[in-house]
Amino acid sequence: MSWTNPLSFMPEPTPVLILVSVLLVVSIPLLLHLIIYSTTSDTLPTIPLIGPSGAGKTALVTLLERGRPTATRTSQTAHTVEVSLPVKTPVASSRFRSPNDPTWEVTKRLLIQDTPGHGKLRHYAMDSVNKSQNLHGIIFVVDAADLSSEASEGARQAAEYLHDVLLQLQKRATNSKSSRAPKEMPVLIAANKLDLFTALPAPLVKSTLESEITKLRKSLSAGLLDSGVGAKDLDAAEEQDWLGEVGNGPFEFSQLQEFNVQVRILGGNVTGVDGSDVKQWWGWIGSMM
């Protein structure tokens, strides 16, 4: 049997065939690029601002939206604004994008939702956690100067509110009916007003809030015991409403990683003699995009 060259069955190259091949080589990578980097949802990424009254949430919203803070009043209802991420802020979705890509410096858009901090109006914040479409993270704003005062109840009040928000996120995982783990939910604790001399630095804000939440867990557990709840019912109630690891040990934010809740504490200031400093917060937002 004579040997036949397999290349003999290939068609003769013609101008049309060459043109089609070139078009395929050029168009396929472009098409893949558009599919990968195109927006997968018509709803912009949403990040609610939550925290006690007077922490600086509304002033932060105006700074993120307009580039400068303005005079604000206590919020009575939730409101949402569209903001643009500064073009030089790194964006997580662009980590595989070439610096020569013409869209590298394109501003990213997102929705920031301001929520009231008053105790009777905090249902707005819980609704934003439970009902917001395309939720990409949560910013919990605290007054770092208010946390440092022993005479003030700022630390306790902030910790109680934060406890409720984190517990709501924890229940997303424990009450999920799906076999898959819930989407990771990043939480930024924005330690505001670090320009003030009395403000606690971010590491001390972290330890202070963890300590206050530890006290709160013990208080809630003691309250259940005093109510006369039976041992079995007590165990079930504690497991349902116990933030973090069950037990008598201290609370730490790292315990929430088991429930896909990632907590970071970063400092900054919305106003100040030398201007605002929210670069770290913008960086965190960019990492959520």
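Mentor: A residue is called buried under 20% relative accessible area, exposed over 50%, and partly exposed in between, with a 1.4 Å probe and protein chains only. The model is a predicted one, in which local features need pLDDT of at least 70 and side-chain atom pairs count only at pLDDT 80 or more, while totals for chains, interfaces and linings use all residues. Residues are numbered from 1 along each chain as its sequence is written, and side-chain values use heavy atoms, with hydrogens and water left out.

The setting comes first. The protein chain contains eight helices and six strands, which are DSSP runs numbered from the N terminus (helices are H or I, at least four residues; strands are E, at least two). Of the 289 residues in the protein chain, 39% are buried.

We may begin with the rings. Two aromatic pairs are found in the whole structure; rings of Phe, Tyr and Trp (its six-membered ring) pair if their centres lie within 6.5 Å, and planes under 30 degrees apart count as stacked, over 60 as edge-to-face and the rest as tilted. Phenylalanine 140 and tyrosine 161 make an edge-to-face pair, because their planes stand at 75° with the ring centres 5.5 Å apart. This pair joins distant parts of the chain, 21 residues apart: phenylalanine 140 belongs to strand S4 (residues 138-143) and tyrosine 161 to helix H5 (residues 154-174). Both phenylalanine 140 and tyrosine 161 are buried.

We now turn to the charged side chains. Side chains of opposite charge can pair when their charged atoms come close. The structure holds nine salt bridges, each being a side-chain nitrogen of Lys or Arg within 4 Å of a carboxyl oxygen of Asp or Glu.

Helix H5, where tyrosine 161 lies, also holds lysine 171. The side chain of lysine 171 meets that of aspartate 241 in a salt bridge of 2.9 Å, N to O. Aspartate 241 lies in helix H7 (residues 231-241), so the pair ties together parts that are 70 residues apart in sequence. Aspartate 241 is partly exposed, with a relative accessible area of 39%, and lysine 171 is partly exposed at 21%.

Glutamate 153 and arginine 156 form another salt bridge, with the closest N and O atoms 2.4 Å apart. Glutamate 153 is partly exposed at 44% relative accessible area, as is arginine 156 at 34%. Salt bridges link Glu153, Arg156 and Glu160 in a network.

Finally, glutamate 210 bridges to lysine 206, with 3.0 Å between the closest N and O atoms. Both lie in helix H6 (residues 202-226), four residues apart, about one turn of the helix. Here glutamate 210 counts as buried at 9% relative accessibility, whereas lysine 206 counts as partly exposed at 34%.
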